Amino acid sequence: AVLLVVPLALFAYALGLRVANEGWTVERFFSAAYGLAAAIAAMLQLLPRTRSDIRLIVGVLPVLLTLSTFGPWGVVATVGRSQTGLIERDFGAHLRDGAEGMRDLDASQRSVLASRLDALDDVEESDRLARHLDAFADTVPDERVAKIRTLMGEVAAREAEATRSVDQSFSTDGAWDVGGFDRVVPVLGTITGTDAIDPALH
């Protein structure tokens, strides 16, 4: 049990950093639950009165998993509260600006927002965003989150198209080395059987 102290401490530290930056998700919540179960089991092993009672150790995880299914400490409420708070903090102004606000997001911001919307979808808590989506009043309430995703997708598509349409041509005045003894000589126009061929090209 003593050997678990350092690994569990490192695990808690790493998970705490991740949650502080990115909020709770279903995966992080249950990772924390398993880590807590391991910590409680280790503590039970350290106490003389409970060390030999395997029933207590085996029962820790089922109890924690049962508790995670309801109440304000449950996975649904925890993830919903966490991700909604982060969305409000980082994207509240954009959401209040409606479609224009979504178009102002850069690629990195769109990726973060999409990830947080996915986390809310995982626990079916997208309704928590309702009070932030008044700017999308022209859309049915149940479809407003989908509207946000559509707008972000349209912006991403336009950016990709703009990147593809950038002129990537170049000009040269003569032959240039491409490695070793090889040289490339661009020829403009079409050479016919009656055209004189520059001996320099041979």
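This is a chat about the predicted model shown above.

Biologist: What kind of model is this, and how are residues numbered?

Modeller: It is a predicted model, so to speak of local features we need pLDDT of at least 70, side-chain atom pairs count only at pLDDT 80 or more, and totals for chains, interfaces and linings use all residues. Residues are numbered from 1 along each chain as its sequence is written, and side-chain values use heavy atoms, with hydrogens and water left out.

Biologist: Okay, how many helices and strands does the chain have?

Modeller: The chain has 7 helices and 2 strands. Both are DSSP runs numbered from the N terminus: helices are H or I with at least four residues, strands are E with at least two. Along the sequence the pattern reads α-α-α-α-α-α-α-β-β.

Biologist: And what share of the chain is buried?

Modeller: Of the 202 residues, 28% are buried. Buried means under 20% relative accessible area, exposed means over 50%, and partly exposed is in between (1.4 Å probe, protein chains only).

Biologist: Let's look at H3. Where does H3 bend?

Modeller: At Val-60, by about 30°. That bend is the angle between axes fitted to the seven residues ending there and the seven starting there. A proline, Pro-62, follows within four residues.

Biologist: What length does H3 reach?

Modeller: H3 covers residues 54-67, which is 14 residues, and goes 21 Å from its first C-alpha to its last. That is close to the 20 Å expected, where the expected span is 1.5 Å times one less than the number of residues.

Biologist: Which residues make the nonpolar surface patch?

Modeller: Val-63, Leu-67, Phe-70 and Trp-73 make a patch of about 390 Å². Patch residues have over 30% relative accessible area and no salt bridge; nonpolar side chains (Val, Leu, Ile, Met, Phe, Trp, Tyr) are joined within 5 Å, and like charges within 9 Å. The areas come from the Shrake-Rupley method with a 1.4 Å probe, and for residues only the protein chains shown count as cover.

Biologist: Where does Trp-73 lie?

Modeller: Trp-73 is in the loop between H3 and helix H4 (75-96). Its relative accessible area is 47%, so Trp-73 is partly exposed.

Biologist: Switching to rings: how many aromatic pairs are there?

Modeller: The count is 3 aromatic pairs. Rings of Phe, Tyr and Trp (its six-membered ring) pair if their centres lie within 6.5 Å; planes under 30 degrees apart are stacked, over 60 edge-to-face, and the rest tilted. Phe-29 and Phe-30 form an edge-to-face pair, 5.4 Å centre to centre with 85° between the planes.

Biologist: Are Phe-29 and Phe-30 buried or partly exposed?

Modeller: Phe-29 is buried, at 11% relative accessibility, while Phe-30 is partly exposed at 25%. Phe-70 is partly exposed at 42% relative accessibility.

Biologist: Which residues form the aromatic cluster?

Modeller: Trp-24, Phe-29 and Phe-30 form one aromatic cluster.

Biologist: Now charges. How many salt bridges does the structure hold?

Modeller: It holds 10 salt bridges. A salt bridge here is a side-chain nitrogen of Lys or Arg within 4 Å of a carboxyl oxygen of Asp or Glu. One of them joins Glu-159 and Arg-110, with the closest N and O atoms 2.7 Å apart.

Biologist: Which residues are in the salt-bridge network?

Modeller: Glu-22, Arg-89, Asp-90 and Arg-116 are linked in a network of salt bridges.
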